[in-house]
Amino acid sequence: MASPTYQPRVNTSGNGWRNPPVAGGGTGGGGRLSHQPRPDEGQSGANGPQPRPGFGLRGPRRSPHILTAESLASLTLPVGDDGVIIGIDPQNQPAVLSLLRPAPLEIALVGSMWMAQVLALRTVATGARVAVETARPPAWGQMAQAAGGGQQCVSVHDVRQIAPQGPSVSSPVLVVRDMGARPPRNQLAPSPWQSVLTVLPFLGPRSPQMLSRADLVGLQRLSPEETEVVTRIMRLPEQVGAVLPTLSDNAMLWCSRDGHQFVMTQPTDAETNLLGGPRRMD
């Protein structure tokens, strides 16, 4: 390699990344303002300042922005809730449901298979897997084939034929149980990163026990008799229970031990083309 044709400047007073401070803090004391050219940069050609060989024009002489260690705590990144967008709340804000958690979660849905399939599709969209144990596999087959863009994200199993799913933080699983109002005992219990969603078309003899055990309960439109049972078990205010028999097909009440929230699920065009319009019964 040929020797350089210029004399390199050695900066003995800086640290290699920052310029040394100007002596005297101004023009006095022989200092040079940062915006003024160096003596060897004053020479200009016909087209402007002469570039340094191999480097081009010099950039502005400015010290970089530096954040002290004490200021790191003031940095924040606003992040909203994570989970599945299940619709909008009465304030027309997105309603997000955290279906997959590092702790076991048991969910009871008193409603239609349509609502369960919408939840399954949106759960797959978050990168999770869905395993369906059902007494009506053909009704879930088309949705399973369409979900995941060709990848096997939804698996459908006959009753009592579902195998362990191996959930993990990088591969969470939602187990959907669709076996009528009197489902058999669950073979896959809720576990970390594996939530279990049981679909009940209506309240049966064992439903009160399931609702009281569930961590989260979703309710579509109920009959007045069912409303009385649910209001008592979930300890809902009377004015909230009075709304349940009047809900539209795409409206739900989600409730837990800590509170309740009305949500309206608005299907996308893709969901409507695949599943049809909202409905309470299948």
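Trainee: Which side chain does Arg136 meet in a salt bridge?
Mentor: Asp178, at 2.8 Å from N to O. A salt bridge here is a side-chain nitrogen of Lys or Arg within 4 Å of a carboxyl oxygen of Asp or Glu. This is a predicted model, where local features need pLDDT of at least 70 and side-chain atom pairs count only at pLDDT 80 or more, while totals for chains, interfaces and linings use all residues. Residues are numbered from 1 along each chain as its sequence is written, and side-chain values use heavy atoms, without hydrogens and water.

Trainee: Is Asp178 buried or exposed?
Mentor: Asp178 is buried, at 3% relative accessibility. Buried means under 20% relative accessible area, exposed over 50%, and partly exposed in between (1.4 Å probe, protein chains only). Arg136, at 30%, counts as partly exposed.

Trainee: How many salt bridges by this rule?
Mentor: The count is 7. Among them, Arg213 pairs with Glu106 at 3.2 Å, N to O. That pair links distant parts of the chain, helix α3 and strand β5 (residues 105-110), 107 residues apart. Helices (H or I, at least four residues) and strands (E, at least two) are DSSP runs, numbered from the N terminus.

Trainee: And how accessible are those two?
Mentor: Glu106 is buried at 17%, whereas Arg213 is partly exposed at 41%.

Trainee: What does Asp215 form a salt bridge with?
Mentor: Arg257, the closest N and O atoms being 3.4 Å apart. Asp215 lies in the loop between α3 and β10 (216-219) and Arg257 in the loop between β11 (251-255) and β12 (260-264), so the pair ties together parts 42 residues apart in sequence. Arg257 is exposed, with a relative accessible area of 58%.
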